[in-house]
Amino acid sequence: MRVALERAVQAAGWSVAESVADADVLAVVGQPGPELLAVIDHAWRQMSEPRARIEVRDEADVASALVEARRALQATNEQRARASERPASPGPSAPEQDTSHGHESHEDGGHGHDGHDHDDAGGGHDHGQMSPDGIPLAEGAEDRDGLEMDELHLPLGPVLAHWPAGVVVQLTLHGDVVAGAEVEHLGGDPGERGGSARDDGAAGAARLLDAAASVLALTGLPAEAARARRLRDSCLDAAPVDGEAITVLGRRIRRQRVLRWLLRGLALTDEDGRGEELYDRLVGLVDRARTAVDADPTSAHRAGPALEALPELLRGRELAAVRLWMAALGADLTRTALEEPSHG
């Protein structure tokens, strides 16, 4: 359903916003659970007028939902009147902020934090603790070498571009290095995902290419990301998939020397010492997609790490590497989170 919405948005000449602050339309795809719905409501409150909110419960709803959004955005006079009567947005320490459990709704990390209590409304100090406007600042903590480091708590997700749906990672940072992490999933009922029930090789290849497109977008290669998305879309169409085009994409990625330089050395290592570099993971996503289309649909269903394993895998990584790895794991991680809820 998300892919169907993205294609309809592109066909309409619109674009997908990278953050809540840049969005005019909030599209809720599928059936969110109560926790995720609270975060969605918080993201909606952060959007400025004119704005529109639509819900997509089935692929057949996409076209009518976009028409509804366009109609709502065109009612500018009414929206401007509402905007002039709308009270100022509360600060992060206001009670309604707590409904999002402090989860991040913007990429810049500037909103969505749980603030400290204040004795005054002016953003003053609370018992000597620095929290201007309710935004917590770094605190002191012992680093790995025994020296004291500034410690900052930063939530990532679930409303974040190129990020697995419903996943929230609460990071403890020493500088830009992850000193600790907690992971949770705010998805809805796995039995109410809706959309297509396809599980063939082409659908599996589409999931892999979607993850590859997210990594390419985050690394600053929009042309290659768009090419990966076009191939993803062709996998979901009824027409036969051009496997050679997927191979060509793999060759183009391998020829990107700067991409190889950026991603080499960004490895995840498990407790047994086995590791995988991010560059190899990206190339592997495309290679597995070609294999799934041609001969072996099961190659698209490689088991990824369970959510419980992520804190240990992310510890010691830089913040930028966390964003990239979460995008690269999306094809396998989201599948694990949705289909094996008892194991995270």
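Where is P50 found? P50 lies in the loop between α2 (34-46) and β2 (52-56), where helices (H or I, at least four residues) and strands (E, at least two) are DSSP runs numbered from the N terminus. The structure is a predicted model, in which local features need pLDDT of at least 70 and side-chain atom pairs count only at pLDDT 80 or more, while totals for chains, interfaces and linings use all residues. Residues are numbered from 1 along each chain as its sequence is written, and side-chain values use heavy atoms, with hydrogens and water left out.

Most residues other than glycine have a negative phi, and most peptide bonds are trans. The bond from E49 to P50, however, is cis, with omega near -5°, and a cis peptide bond also joins G157 and P158, with omega about 0°. P158 belongs to the loop between β4 (148-156) and β5 (167-174). H162 is likewise found in the loop between β4 and β5, and its phi is near 55°, a positive value in a residue other than glycine.

Turning to rings, the charged end of R51 sits over the ring of W44, 4.0 Å from its centre; the criterion is that NZ of Lys or CZ of Arg is within 6 Å of the ring centre and within 35 degrees of the ring normal. A search of the whole structure for aromatic pairs finds 0, where rings of Phe, Tyr and Trp (its six-membered ring) pair if their centres lie within 6.5 Å.

Two packed helices are described by the angle between their axes and the distance between the axes. Axes here are lines fitted to C-alpha atoms, for helices over the stretch in contact, and angles run from 0 to 180 degrees between N-to-C directions. Helix α5 (residues 201-218) packs with α9 at an angle of about 160°, their axes being 8 Å apart, and the two are therefore roughly antiparallel, a term for angles over 145 degrees, whereas those under 35 count as roughly parallel. Contact means heavy atoms within 4.5 Å, and residues of α5 including A205, L208, L209 and A212 meet residues of α9 including L282, L285, V286 and A289. The residues of this contact of α5 with α9 divide into 13 nonpolar, 1 polar and 1 charged, with Ala, Val, Leu, Ile, Met, Phe, Trp, Tyr, Cys and Pro counted as nonpolar, Asp, Glu, Lys and Arg as charged, and the others, Gly among them, as polar.

Helix α9 (residues 278-294) also meets helix α11 (residues 319-328), their axes coming within 10 Å and crossing at roughly 25°. That crossing angle makes α9 roughly parallel to α11. L278, R281 and L285 in α9 meet L324, W325 and A328 in α11, and the residues of this contact of α9 with α11 divide into 5 nonpolar, no polar and 1 charged.

Elsewhere, helix α6 (residues 222-236) packs with helix α7 (residues 243-254) at an angle of about 160°, with axes 11 Å apart, and α6 and α7 are therefore roughly antiparallel to each other. E224, R227, A228, L231 and C235 of α6 make the contact with A245, I246, L249 and R252 of α7. By class, the contact of α6 with α7 has 6 nonpolar, no polar and 3 charged residues.

Terms used
Parallel < 35°, antiparallel > 145°, perpendicular 65-115°, else oblique. Phe/Tyr/Trp six-rings, centres within 6.5 Å; stacked < 30°, edge-to-face > 60°.
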